[in-house]
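Morning, everyone. Let me put the next model on the screen, and then I'll walk through it.

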Amino acid sequence: MKKIVTLGATVAVAAFMLAACGNTGSKDSAKSGSSSSEVSGKVLAVGSTALQPLAEQAGAQFQNDNPKASVEVQGGGSGAGLSQVAAGSVQIGDSDIFAEQGKSIDASKLVDHKVAVVGMAPVVNKDTKVTNLSQQQLIDIFTGKITNWKEVGGADQKIVLVNRAAGSGTRVTFEQFGLKGAKPKASQEQDANGTVQKIVSTTPGAISYLAFSYLTGAKLQAVSIDNVKPTDANVETNAWKIWGYEHMYTKGDAKGATAAFLKYMVSPTVQNGLVKKLGYLPISDMKVTRDASGAIK
């Protein structure tokens, strides 16, 4: 007996095959990220040096996946990032602080994209022999009331303060949560985490503060406060209070390559990969939230 295939059956089979091919293509696209044919354009991100290592490496990966897109990352400090994105001269302003905390910034015109959390810690040259301070001792050191490490159980060595420059988001966060709002005495100022890292490593008696992602080096010692260690686990619960969000601000809603890059920054590829690898915390790991006033929920 001859088999009879109706026109309707033929159409149904063809539709099924097309659907199967379409589903396979969707899965492949989702797996590989944005298509290089769809994402093109230049993204310039300026600001926080604490966020810079993450932004640079994520930008490089994004460009590999999207050859028609260009991502350039520069430092300069959170203040510079906020002012430049507000002026419309860059696509993204990287900041360790909320726009509301920036000087002369109209936060209502900026859109906040939180991409990670960064812990910050006091750091000393290991020759000081100090690994723990009370918060009051920390305040007294930075305000000039304590001037020798022997006064806090360390070596008989003069304390050398290294501060961050005005406009640094790391400085704002450290003064707010590490020094309880106290203003440090005048000292040398540096505008980048990397520079501070080198100076403290090579200067006997030096103390400063760094993002967790910079707490490396044979001559560097991260300092506990009131016997609480600067660890990711303690940041997550706010047991360690010196931390902040890493913000990527845009002027208005992000579009084109900028929107695609910001979406990539909060993707599992970055959050579960580079964020953890480079010493940051994924937003999703936090057990608490903090607003611009510093209030914890």
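First, a term. Rings of Phe, Tyr and Trp (its six-membered ring) pair if their centres lie within 6.5 Å; planes under 30 degrees apart count as stacked, over 60 as edge-to-face and the rest as tilted.

Ground rules next. This is a predicted model, where local features need pLDDT of at least 70 and side-chain atom pairs count only at pLDDT 80 or more, while totals for chains, interfaces and linings use all residues. Residues are numbered from 1 along each chain as its sequence is written, and side-chain values use heavy atoms, with hydrogens and water left out.

Now the overview. The protein has 9 helices and 11 strands. Those are DSSP runs, numbered from the N terminus: helices are H or I, at least four residues, and strands are E, at least two. Of the 297 residues, 47% are buried. Buried means under 20% relative accessible area, exposed over 50%, partly exposed in between, with a 1.4 Å probe and protein chains only. Take the contacts with a separation of 6 or more: 75% of them join residues 24 or more positions apart. Contact here means heavy atoms within 4.5 Å.

On to the rings. How many aromatic pairs does a search of the whole structure find? It finds 7. Look at Phe62 and Tyr264: the centres are 5.6 Å apart and the planes are at 50°, so this pair is tilted. Phe62 lies in helix α2 (residues 52-65) and Tyr264 in helix α8 (residues 256-265), so the pair ties together parts that are 202 residues apart in sequence. Both of these residues are buried. Ring pairs also bring in Phe261, giving a cluster of Phe62, Phe261 and Tyr264.

Next pair: Phe174 and Tyr209. This one is stacked, at 4.0 Å centre to centre with 10° between the planes. Phe174 lies in helix α5 (residues 169-178) and Tyr209 in strand β8 (residues 206-211), so parts 35 residues apart in sequence are tied together. Phe174 and Tyr209 are buried too.

Charges over rings. The test is NZ of Lys or CZ of Arg within 6 Å of the ring centre and within 35 degrees of the ring normal. Arg290 lies over the face of Phe177, 3.7 Å from the ring centre. The charged end of Arg290 also sits over the ring of Trp243, 4.0 Å from its centre.

Now the core. A nonpolar core is a set of buried Ala, Val, Leu, Ile, Met, Phe, Trp, Tyr and Cys residues joined through side-chain atoms within 4.5 Å. The largest one has 81 residues, and those with the most contacts inside it include Phe142 and Phe261. Strand β4 (residues 110-125) gives the most to this core, with 9 residues.

Stay with Phe142. Beyond four places in sequence, its contacts include Leu161, Phe174, Ile207 and Tyr209. Phe142 is one of the buried residues of α4. Helix α4 (residues 135-142) is mostly covered, with 6 of its 8 residues buried. The cover includes β4, α5 and β8. Just after α4, Gly144 takes a positive phi of about 90°.

Last stop: is Ile283 buried, partly exposed or exposed? Ile283 counts as partly exposed, because its relative accessibility is 29%. Ile283 is in the segment after α9 (268-277). Ile283 and Ala116 are 167 residues apart in sequence, yet 5.2 Å apart in space, C-alpha to C-alpha. Among the other residues that Ile283 touches are Lys114, Tyr245 and Gln271.
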